[in-house]
Every structure is written in C-alpha cells, then in structure tokens.
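Here is a short briefing to read next to the model. Please have the sequence and the coordinates open as you go.

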Amino acid sequence: MSNAKKAFLAVSCGVLALGLLLMACGFALSGFSLDVFTATVDPTRNRVVLGGVEVESYDELPLLEQIAEIGQIGIGPVDDFDEYDAEGNANPTPPPAPEAPEAPEEPEAPAAPEAHAA
C-alpha cells in the first residue's frame, strides 16, 4: 500500500473515531435520551425540531434553510411527525368521521309485457 493510501486511511479513521466520540458525548450529556438522534424539519408548519427541542429561527442555520426549501423531512420514529396539527396544536385529536348518507330506495322494476299466444 502506498504512503498516500496509508495517510488517507489514517485520516479517515481518525475523523470517523472523532465523530463517534462526539456523538457518544452528546448522547451522554443529554442524559442518555434517544431524542438526540431525532430531527424533524417541517416548513409547512414553520417547525424544526432537533433532539426534541424546537428551533425558533432556523433561517440562520444554512443547512436547515436549504432542507426547509425542499419540504418535510423527518429522521426518527414515525410517531413524532404527526405530533402537531396545521395550527401547531400539540397532539391533535382526529375529527369525527362524517356519517355516510343513506342509500336511496330502489324503484320497482316495470312489469314485463305479456307475450301474446298465437
């Protein structure tokens, strides 16, 4: 293996180890809460949640601003994404289902004409 490949491998392993270390530190500092691994970006509701905390002004964060232009993106459990309704109310209850209209009565079939005997 050439020296360049060895150096590239050493640097990439170092960056990977640093990333894992920082991730473990963040997890430990959060009190071992799994919320640090979740994120929700929902521009239709003007809502960005990172690690269980809502970000007030995501316009100042360049990557989140670009993601918000794309549309709704969620990372984490599916249950977290429908937590708010369009007005921002927490845990909305679904509206009651509309009642189906009653079916109209069938009209009587006309009587068949009698056949003439020949």
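Does V55 count as buried or exposed? V55 has 18% relative accessibility, so V55 counts as buried (buried means under 20% relative accessible area, exposed over 50%, partly exposed in between, with a 1.4 Å probe and protein chains only).

This is a predicted model, in which local features need pLDDT of at least 70, side-chain atom pairs count only at pLDDT 80 or more, and totals for chains, interfaces and linings use all residues. Residues are numbered from 1 along each chain as its sequence is written, and side-chain values use heavy atoms, with hydrogens and water left out.

**Overall layout**

- The protein chain has 2 helices and 4 strands, where helices (H or I, at least four residues) and strands (E, at least two) are DSSP runs numbered from the N terminus.
- Along the sequence, these elements follow the pattern α-β-β-β-α-β.
- Of the 118 residues in the protein chain, 13% count as buried.
- The protein chain has an accessible surface of about 10,100 Å², and 61% of that belongs to carbon and sulfur atoms; such areas come from the Shrake-Rupley method with a 1.4 Å probe, and for residues only the protein chains shown count as cover.
- Among contacts in the protein chain with a separation of 6 or more, 35% are between residues 24 or more positions apart (contact means heavy atoms within 4.5 Å).

**Around V55**

- V55 belongs to strand 3, which covers residues 53-55.
- Leaving aside residues up to four places away in sequence, V55 touches V48, L50 and L61.
- The C-alpha atoms of V55 and V41 are 9.8 Å from each other, and the two residues are 14 apart along the chain.

**The phenylalanine cluster**

- A search of the whole structure finds 2 aromatic pairs; rings of Phe, Tyr and Trp (its six-membered ring) pair if their centres lie within 6.5 Å, and planes under 30 degrees apart count as stacked, over 60 as edge-to-face and the rest as tilted.
- F27 and F32 make an edge-to-face pair, with 5.4 Å centre to centre and 85° between the planes.
- F27 and F37 make a tilted pair, with 5.4 Å centre to centre and 40° between the planes.
- This second pair links distant parts of the chain, as F27 is in helix 1 and F37 is in the loop between helix 1 and strand 1, 10 residues apart.

**F32 in its loop**

- F32 sits in the loop between helix 1 (3-29) and strand 1 (39-42).
- With 57% relative accessibility, F32 counts as exposed.
- The phi of F32 is near 60°, a positive value in a residue other than glycine.
- For background, most residues other than glycine have a negative phi.

**A nonpolar surface patch**

- L16, L20, M23, L34, V36 and F37 make a nonpolar surface patch of about 580 Å².
- Patches are made of residues with over 30% relative accessible area and no salt bridge, joining like charges within 9 Å and nonpolar side chains (Val, Leu, Ile, Met, Phe, Trp, Tyr) within 5 Å; a salt bridge is a side-chain nitrogen of Lys or Arg within 4 Å of a carboxyl oxygen of Asp or Glu.
- V36 is in the loop between helix 1 and strand 1, and V36 is partly exposed, with a relative accessible area of 34%.
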